[in-house]
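Please keep the structure in view while reading, and look up each place as it is named.

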Amino acid sequence: MKSFYVTTPIYYVNDVPHIGHSYTTIAADVLGRFWRACGRDVRFLTGTDEHGIKIVKAAAEKQTTPRELADSVHVQFKELWRQLDISNDDFIRTTEPRHEKRVQRIVADMAARDEVYKGKYEGWYDEGQEEYVTESAAREQEFKSAINGRPLVRYSEENWFFRLAKWVPALIKHTEADPRFIQPDARRNEVLSKLKLGVEDLCISRNVAKLPWGIAMPNDPQHVIYVWVDALSNYLTACGLPEIGDEFDRRAEKYWPADVHLIGKDILWFHAVYWPCILLALGRPLPRCVYAHGWWTSEGKKMSKTLGNFISREVIAEICDQYSPDAFRYFLLRAMTFGQDGDFSRDMFKQRYNVELANGVGNLLSRTTNMVDKYFDGLLPAPGEAEPRDDHVRKVAADLAGSVVGLMEALEFHAYLEKIAALTAATNKYIDDTAPFKLAKDPAQKPRLATVLYNCAEALRLILIHLCPVMPSAGRAGLEQLGWPWPQGKTLIELGNWGLLPAGAKTTKGQALFPRKE
Ligand code: ME8
């Protein structure tokens with residue numbers, strides 16, 4: 001089966017990790033885990049973006065050096081990913097030699113292909129976004145950053161430019177021909193209309209006197225490489241491309257082009273325009289999909305430290321302690337339609353947790369294992385004759401197993417979890433309707449009781465295997481209670497068929513998977 005390469009943005013180290021970073025990283029992790037479970041050879045990359053004016057300023061504010069800041073903050077990202085059970089295969093820092101040297105090679109290749117030229121730049125600069133802003137856009141924005149509202153700064157420099165405009169027609173053609181390239185559709189249309197308004201060449205260097213914290217231009221030590229060219233290149237450099245004669249050469253080359261660059265909507269232009277044009281200029285294949293998801297607000301408002309609604313790494317740790325990392329992962333992907341904006345609220349979290357996890361999957365598992373324990377000494381009985389009443393659960397289960405690949409291909413995490421919730425609800429209702437506790441009172445009904453409990457356990461198995469990519473610990477723990485650990489070497493697709501749970505499996509009344517929260 002084809003390999004699968006998924007990336008997150010590399011996060012700035014000027015600030016600490018928060019829910020937004022966690023969201024993208026969890027989504028990427030779920031994709032990675034899902035496709036691994038399907039037998040694909042997965043490469044999952046994340047990391048930190050450590051150069052540029054933002055980092056210099058943050059370090060100065062904190063009375064430290066950019067390097068020290070990067071050294072301490074990147075650890076916080078790694079630590080949070082460990083706490084959230086993130087299964088990345090690599091973590092790239094843009095200050096690593098393997099990256100710096102390759103970025104220089106990339107720019108040198110661009111120069112060799114006559115894709116860069118020296119010119120004079122005078123204009124407005126958004127220091128927060130590390131981006132030049134055209135005169136007309138600056139005026140429209142009242143000379144303030146469109147993102148953070150801070151005043152734009154006047155820059156005048158001799159700089160290196162990349163012939164971006166030259167590649168725009170090819171990019172438009174590609175974006176129009178391949179609907180999957182930029183997703184969701186609304187974002188793709190936005191990019192296309194903006195592209196059609198015309199795009200200027202991209203200034204790709206900064207004067208070293210103003211900004212010493214960056215990678216030197218290979219052909220001109222008076223300049224450092226623009227941080228976005230540096231940062232975007234990570235997706236390629238982490239694959240050991242281009243070759244520079246070190247031990248990382250071509251290490252993960254087979255994964256390029258990336259299958260998905262997962263990003264937030266704030267950085268779509270860089271990924272949908274600058275990055276593909278650089279790749280076109282280098283003659284390299286384009287990523288298959290750039291997917292821009294929406295933004296989280298917190299308790300109905302834009303997240304801010306002053307408002308006190310900032311969901312920092314500490315707040316995430318507290319939520320994970322109170323519930324579990326799995327519950328946090330579940331909520332983020334379930335509560336918001338991927339691609340749209342959403343709001344994080346503690347009340348909503350608790351409500352969803354109690355309804356779908358504690359009363360849903362958790363309750364179904366404890367009811368099922370309790371009854372198998374009580375009526376069949378903890379050994380799963382073989383099912384007897386099926387009755388029409390059993391059809392519905394099997395249908396909902398088949399619908400889940402039959403739709404997961406398509407849903408994950410489309411990155412519809414919310415719909416994926418909706419299908420799991422539907423099977424959980426249908427199975428809980430099946431227990432209410434078939435009333436196994438009543439059947440148990442009549443010895444003549446024992447075969448029927450066996451069928452009902454077998455069906456519950458089998459539905460649960462399907463619920464849990466599909467929950468595993470989202471909730472790796474709870475999924476595994478639940479399967480163990482069913483007496484059915486994931487069989488080695490079997491793929492999620494093979495395991496999605498009904499009836500694989502063997503009669504005689506030893507179930508256990510384990511700890512509540514999702515204890516109810518008051
Ligand atoms: O932009 N809701 O890094 P960054 C959802 N270094 N996602 C959010 C969010 C929110 N409220 N806030 C942030 C950079 N994000 C560059 C990227 S890539 C070559 C360079 C997520 O630390 C979202 O994924 O500002 C967004 O794209 C990313 O954090 C920005 O992280």
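## Terms and model

Helices and strands are here DSSP runs, with at least four residues in a helix and at least two in a strand, and they are numbered from the N terminus. The model is predicted, and every value below was computed from it.

## The largest pocket

With a volume of about 1700 Å³, the largest pocket has a lining of 49 residues, and those nearest its centre are Asn14, Asp15, His18, Lys54 and Trp295. When the lining is sorted by class, 21 residues are nonpolar, 15 are polar and 13 are charged.

Several elements contribute to this lining, and each of the following gives at least two residues to it: strand E1 (4–12), helix H1 (19–37), helix H2 (53–61), helix H8 (227–232) and strand E14 (296–298).

## The ligand and its shell

Where does the ligand sit? Its place is in the largest pocket, and E1, H1, H8, helix H9 (234–237) and strand E12 (260–264) each give two or more residues to the shell around it. The element that gives the most to this shell is E1, with four residues. The shell around the ligand holds 23 residues, of which Ile10, Thr24, Asp49, Gly264 and Trp296 come nearest, and by class it has 12 nonpolar, nine polar and two charged residues.

Some contacts can be followed atom by atom. An oxygen atom of the ligand lies 3.0 Å from a backbone N or O atom of Tyr12, and a polar backbone atom of Gly264 is 2.9 Å from an oxygen atom of the ligand. The ligand taken alone exposes 680 Å², and 94% of that is buried by the protein.

## The second largest pocket

The second largest pocket holds about 1200 Å³ of space, and it is lined by 39 residues, with Glu131, Tyr132, Ala137, Lys194 and Trp269 nearest its centre. Two or more residues of this lining come from each of strand E4 (116–126), strand E5 (131–133), helix H5 (135–140), helix H7 (185–196), strand E8 (202–203) and helix H10 (268–282).

Which element gives the largest share of the lining of the second largest pocket? That element is E4, which supplies five residues. Sorted by class, the lining of the second largest pocket comprises 20 nonpolar, six polar and 13 charged residues.

## An enclosed cavity

A cavity differs from a pocket in that a 1.4 Å probe fits inside but cannot get out. Counting cavities of 30 Å³ or more gives one, and the space in the largest cavity is about 50 Å³. Its lining is made up of Ala327, Tyr330, Phe331, Phe349, Arg352, Tyr353 and Leu357.

Helix H12 (325–335) and helix H13 (346–376) each supply at least two residues of this lining, and H13 gives the most, with four residues. By class, six residues of the lining are nonpolar, none is polar and one is charged.

Most peptide bonds are trans, and most residues other than glycine have a negative phi. Against that background, the peptide bond from Gln183 to Pro184 is cis, with omega near -5°, and Pro184 is placed in the loop between strand E7 (182–183) and H7. Another cis peptide bond joins Trp256 and Pro257, where omega is about 5°, and Pro257 is found in the loop between H9 and E12.

To find Gln63 in the structure, look in the loop between H2 and helix H3 (66–83).

Methods:
Residues are numbered from 1 along each chain as its sequence is written. This is a predicted model: local features need pLDDT of at least 70, side-chain atom pairs count only at pLDDT 80 or more; totals for chains, interfaces and linings use all residues. Side-chain values use heavy atoms; hydrogens and water are left out. On a 1 Å grid over the protein atoms alone, a cavity is a set of points where a 1.4 Å probe fits but cannot get out, and a pocket is an open set with protein on both sides within 12 Å along at least five of seven lines; lining residues have an atom within 4 Å of a point. Grid points are joined across faces, edges and corners, and a volume is the space filled by probe spheres set on the points. Ala, Val, Leu, Ile, Met, Phe, Trp, Tyr, Cys and Pro count as nonpolar, Asp, Glu, Lys and Arg as charged, and the others, Gly among them, as polar. A residue is near a molecule or strand if one of its heavy atoms lies within 4 Å of it. A polar contact is a pair of N or O atoms within 3.5 Å; within protein, one must be able to donate a hydrogen and the other to accept it, and residues adjacent in sequence count only if both atoms are side-chain atoms. Accessible areas come from the Shrake-Rupley method with a 1.4 Å probe; for residues, only the protein chains shown count as cover. A molecule sits in a cavity or pocket if more than half of its atoms lie within 2 Å of its grid points.
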